[in-house]
Amino acid sequence: MKPVTLAILVAAALQSTACLQKDTTSTIHLRQDGSFDWVVLQQNVRSDESDEAARLTEERAYVDDLNGGEHNAGAGLLALGANDVRVRWLRDRRPYAVMGDARFD
């Protein structure tokens, strides 16, 4: 990568102050055998970007990641060793709501 391109990318990343806002609730349901289900609810997901085009781009990336099977909560649960991770839409329009749930043996 050329130094000029790298500098532009770093500058753009530093200037990007907007991010997705969301309310996240995490609940663990423990079974008697020591296994458990971990449920992560993300609701009121929306961009706080003031520019409408940038806001729509940021939210579209969230939607595309979820539809492509690359949701951050699901990936985090898998990284912790979960089995049977499921992530599904509860509300597929702004403000979005998503629930992820995973089983740990």
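Start by selecting helix α3, residues 72–79, and colour Ala73, Gly74 and Leu77: these are its buried residues, where buried means under 20% relative accessible area, exposed over 50% and partly exposed in between, with a 1.4 Å probe and protein chains only. They share one side of α3, because they cover an arc of only 100° around the axis; the arc is that of the directions from the helix axis to the C-beta atoms. Now turn to the other side of α3, where Leu78 and Ala79 are exposed.

Before moving on, a word about the model: it is predicted, so local features need pLDDT of at least 70 and side-chain atom pairs count only at pLDDT 80 or more, while totals for chains, interfaces and linings use all residues. Residues are numbered from 1 along each chain as its sequence is written, and side-chain values use heavy atoms, with hydrogens and water left out.

**Around the helix**

Keep the buried residues of α3 in view and show what covers them: the cover includes β2, β3 (83–91) and β4. Contact here means heavy atoms within 4.5 Å. Then step just past α3 to Gly81, which takes a positive phi of about 95°.

**The whole chain**

Zoom out and colour by secondary structure. Helices (H or I, at least four residues) and strands (E, at least two) are DSSP runs, numbered from the N terminus. Of the 105 residues in the protein chain, 24% count as buried. Among contacts with a separation of 6 or more, 47% come from residues 24 or more positions apart.

**The strands**

Next, select β1 (residues 20–30) together with β2 (residues 36–47). These two are antiparallel and pair over 10 bridges; strands pair if DSSP finds at least two bridges between them. For a landmark, pick Asp23, which stands opposite Gln43 in β2. Follow the chain into the turn: β1 and β2 form a hairpin with five residues between them, and Gly34 in that turn has a positive phi of about 95°.

Eight bridges join β4 to β2, and the two strands run antiparallel. Here the landmark is Gln42, whose bridge partner in β4 is Val98.

**The aromatic rings**

Finally, show the side chains of Phe, Tyr and Trp. A search of the whole structure finds five aromatic pairs. Rings (for Trp, the six-membered one) pair if their centres lie within 6.5 Å; planes under 30 degrees apart count as stacked, over 60 as edge-to-face and the rest as tilted.

Go to Trp38 and Phe104. Their ring centres are 6.0 Å apart and their planes meet at 45°, so the pair is tilted. This pair links distant parts of the chain, with Trp38 in strand β2 and Phe104 in strand β4, 66 residues apart. Trp38 is partly exposed, with a relative accessible area of 22%, whereas Phe104 is buried at 7%.

Another tilted pair is formed by Trp89 and Tyr96, with 5.7 Å centre to centre and 50° between the planes. Trp89 is partly exposed, at a relative accessible area of 26%, while Tyr96 counts as buried at 9% relative accessibility.
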